[in-house]
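The structure is shown first.

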Amino acid sequence: MEKHSPKHSDIALPQKEWAIFRRPGTQNWSVRFSLPGQGQIRASLKTRDESEANKLAAKTYYAALTRAEAGLDARAKTVAQVVEEYVKAKPLKETHKAFLHRYVVDFCGRKEASHLTTRTLSGFVPWRKTYWITGPGKDISLITYTRAGKTISRAPQRIQPSNSTLAWEMGILSKFVTYCRDHGYVAALPSLERVRAQDNARPSFSTDEIQLLQSTAFQRIIEAQHHPRVMFDRTMLCAYIGIMVGTGMRPTEAQKMKWGDVLGFDVTKKLDGQNVTLRVYGKNRSREFIPQDTVLPNLDMIWTVQKTSWNRKPTPEDFIFADEVGNMVKSYNAGLNALLEACNLTKNFRGVVRSSYSFRHYYISHMLHPKVNIYDVSRNCGTSVDMIERFYSH
């Protein structure tokens, strides 16, 4: 029995609020006490000296009592401990976890979470700007992180983060300190410095450039008619461009779309007059929207080439943007870059490099040009009116 029972001090101070004891198998003293609404609290005093332990016990008790009376969790936790708790409690992306572990923990991880105040966090942005230049990251030679289940290492860039990066990171920090407030680690929600992302004009296309790109893509299909594999890839790229131009989808949304997400499409009937609705998934939500009629011939083109290549009809579970054996295509960047180069369209007139996202920007600008209701464009594209006004008001 003695083996499993804690040994209490015989010379404890005459206080009933706490008791110091030794855990079985240890020589250091610990303290335990209870507070209303907080339950029993135990903490190691990290000393073998009984007299010192009594003094530390009183200090620990009154510190916990002060936190409890302020509406905080009486159990003091460091920022690093709360970060670990938060990461386990929330379904966060790897990039969010990496930010919290590297920057938030580096900035104030050893201090108690109650240290997260407006005053202390006011120094975060200046500190973050110099992190890789003169700050804690200056001596780090490799960054190791996980992406799509793979461990990747790369050398850090010795540059100041852009406003867009800082704005994204402050959004993550805001959610974390809100969690701290909601769980009693800070008494009040601290005010964070607002960093506005720079509004850069998106690299789009003119209508003439889109027509040149599509006509060149179609001509390249004809040139590859004696090479089935090349012809399949070029047909898919040509149709991909047509669908992206006529929908404004994000590339990640197109990547996940299956034939079952194309509602109302029937290859056995005339394309004219078909009322097709597309269902896409992205940004942690799904939406349905009506594409432009120009999308229908491109869907028909994909259906035909897939049926020929696969020797079967595509099923509702097949990806629309799939390769010659039916696997999902993650990116058309290689073929698109080659096509853009062939058309001398790799950059817009400002010198900004174009990508598959440029079709989304063309769609939005093209839809706004004939004065289509901005709310309809916003709903179709799955973005806010504010974002459209900020980036496409020109």
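The points below concern a sheet, a helix and several salt bridges.

1. This is a predicted model, in which local features need pLDDT of at least 70 and side-chain atom pairs count only at pLDDT 80 or more, while totals for chains, interfaces and linings use all residues. Residues are numbered from 1 along each chain as its sequence is written, and side-chain values use heavy atoms, with hydrogens and water left out.

2. An open antiparallel sheet is formed by 3 strands in the order 7-8-9. Strands (E, at least two residues) and helices (H or I, at least four) are DSSP runs numbered from the N terminus, and two strands pair if DSSP finds at least two bridges between them. Strand 8 (residues 277–282) is joined to strand 9 by 5 bridges, and Arg-279 stands opposite Glu-288 in strand 9.

3. In helix 13 (residues 374–381), Val-377, Ser-378, Asn-380 and Cys-381 are buried (under 20% relative accessible area; exposed is over 50%, partly exposed in between; 1.4 Å probe, protein chains only). Tyr-375 and Arg-379, on the other side of helix 13, are exposed.

4. The whole structure contains 16 salt bridges (a side-chain nitrogen of Lys or Arg within 4 Å of a carboxyl oxygen of Asp or Glu). Asp-233 and Arg-229 form one at 3.5 Å, N to O; being 4 residues apart in helix 8 (residues 228–245), they are separated by about one helical turn. Arg-229, Asp-233 and Glu-324 are linked in a network of salt bridges.

5. Glu-317 forms a salt bridge with Lys-258, the closest N and O atoms being 3.3 Å apart. Glu-317 is exposed at 57% relative accessibility, whereas Lys-258 is partly exposed at 24%.
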